[in-house]
Amino acid sequence: MNSSLGRLLRGFLVAASLLMSAPSVAEDPAPALTIPTGAEASPSFDVERATEAWVNTLSPEQRAKSDAYFEGGYVLQVVSFAYGLGVAALLLLTPLSRRMRAAAERVAKGAFPRSLLYAAQYILVTAALTFPLTLYEGFYREHAYKMANNTFASWLGDEGKGLGIALVFGSLFVSLLYAVFRRAPRTWWMWGTVVTVAFMAFGIMIAPVYLAPMFNTYKSVPEGPMRQGILSLARANGIPADDVYWFDASRQTKRISANVSGLGATTRISLNDNLMNRSPRESIQAVMGHEMGHYVLNHVTKGLLGLGALALAAFVLTSWAFDRIVASWGTRLGIGGISDLAGLPLLAAIASVWLFLMTPLTNTMVRTAEAEADIFGLNASRQPDGFANVAMQLSEYRKIHPGHWEEIVFFDHPSGWNRVHMAMAWKKEHLGDANLEPQRGGLAAHP
């Protein structure tokens, strides 16, 4: 589903993986950290030279590949936006949306059940219409760039599960919005924002415990230095966690990742097996320090407030544009007021335009939070070389050194070059620290 509604649902409800038995993870699988020549701690340490030393660990072929992959994503953003508008136009300019509304009215009794039935049809139809682009972007392109490990059958299974979740939660979300439209036709933009933020918070809360395990197998990290070091880091930073989980992402992808997810009682520390098997212990500690930074700095709450502000602006714009379009074209399109179910494609199209135009702003919001978590993670883990190493691993599929405006518009994380440079600047300011050198025996007991 490449519609704006589909992307919203995926953003906070869907974790993409296949539920299968988990592979084994050794207690000490991590490789040793190798610091490139020019980046070692010394009295003559130079930030620029050290940064270039790390960046040059990416071969010209690897750099060309990651640049091509990431820059291709710019084109896909535009194509996906245009494709979504095309789907909305198809639903509006043909009888399709009106027939879906009529079917819901024939089968269901009552406004809320009709909304549920129409929304389910809308999700299924848009998923079918956007499937060719989803197939290319999510499966063929990932395999072409050797980023994916899954088979077509397993990928299709993931998509099916994601569609099932979208049907349940997406239909409920749309139905709640239309209940607001009916009861508050003039102030729906305000109450719709409340419903949207509440729904996102609900999704964030249930996803780690109830949704993510539908796609991946989660197990506790085995007892040992890695587990104890992560839990010690969590305790030292006030994170209420008594377990650390790993999940089998290697069945689907080669990407490394970790997170401190959930809200309140559902807070969970997780890292994938790619990170455990491909990254040195110093990098694992740096990554976990970063992820814990999101929790300690209240980025989930701040993010919800920021998204709430964007949703409010989007709804105000949608209310203004929808009323004017319906006033001019409503009879031709067969759409009445805001509470007319057949108008959902128009609502989605207007919201899609707003979200597309706001891409630089939303990317900057997220990128700023990521930069704050980077600094927190360095101060917590004290592993600048581990952090630089993982930044280079992430640069396997993220352009390492974009232009200034390119990063502002297209990057939702700091670029690899900026991350390495920041880590090396931190390292220079802490050259006299006794525990700066890489810790070969595992994660430190304390940050």
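Buried means under 20% relative accessible area, exposed over 50%, and partly exposed in between, with a 1.4 Å probe and protein chains only. The model here is predicted, so local features need pLDDT of at least 70 and side-chain atom pairs count only at pLDDT 80 or more, while totals for chains, interfaces and linings use all residues. Residues are numbered from 1 along each chain as its sequence is written, and side-chain values use heavy atoms, with hydrogens and water left out.

**Exercise 1. Say where Asn298 and Lys146 sit, and whether each is buried, partly exposed or exposed.**

Start with Asn298: find the loop between helix H11 (281-296) and helix H12 (299-333). Helices (H or I, at least four residues) and strands (E, at least two) are DSSP runs, numbered from the N terminus. Asn298 counts as partly exposed because its relative accessibility is 46%. Now take Lys146, in the loop between helix H6 (131-144) and helix H7 (152-183). Lys146 comes out as exposed because its value is 54%.

Then check the backbone. Most residues other than glycine have a negative phi. Asn298 is not a glycine, yet has a positive phi of about 60 degrees. Lys146, not a glycine either, has a positive phi of about 60 degrees.

**Exercise 2. Work out what surrounds Arg114.**

First place Arg114: helix H5 (residues 111-129) holds it. Next, its accessibility is 28%, so Arg114 counts as partly exposed. Now list its contacts (heavy atoms within 4.5 Å). Leaving out residues up to four places away in sequence, Arg114 touches Ala104, Glu105, Ala108 and Leu341. Finally, look for a polar contact, meaning a pair of N or O atoms within 3.5 Å; within protein, one must be able to donate a hydrogen and the other to accept it, and residues adjacent in sequence count only if both atoms are side-chain atoms. The Arg114 side chain reaches the backbone oxygen of Ala108 at 3.1 Å.

**Exercise 3. Describe the hairpin of E3 and E4.**

Begin with the pairing (at least two DSSP bridges between two strands). Strand E3 (residues 258-261) and strand E4 (residues 268-272) run antiparallel, with four bridges. Asn259 stands opposite Ser270 in E4. Then sort the faces. Side chains in a regular strand alternate between the two faces of the sheet. In E3, Ala258 and Val260 make up the covered face, and Asn259 and Ser261 the uncovered one. Last, the turn: six residues lie between the strands, and Gly262 has a positive phi near 90 degrees.
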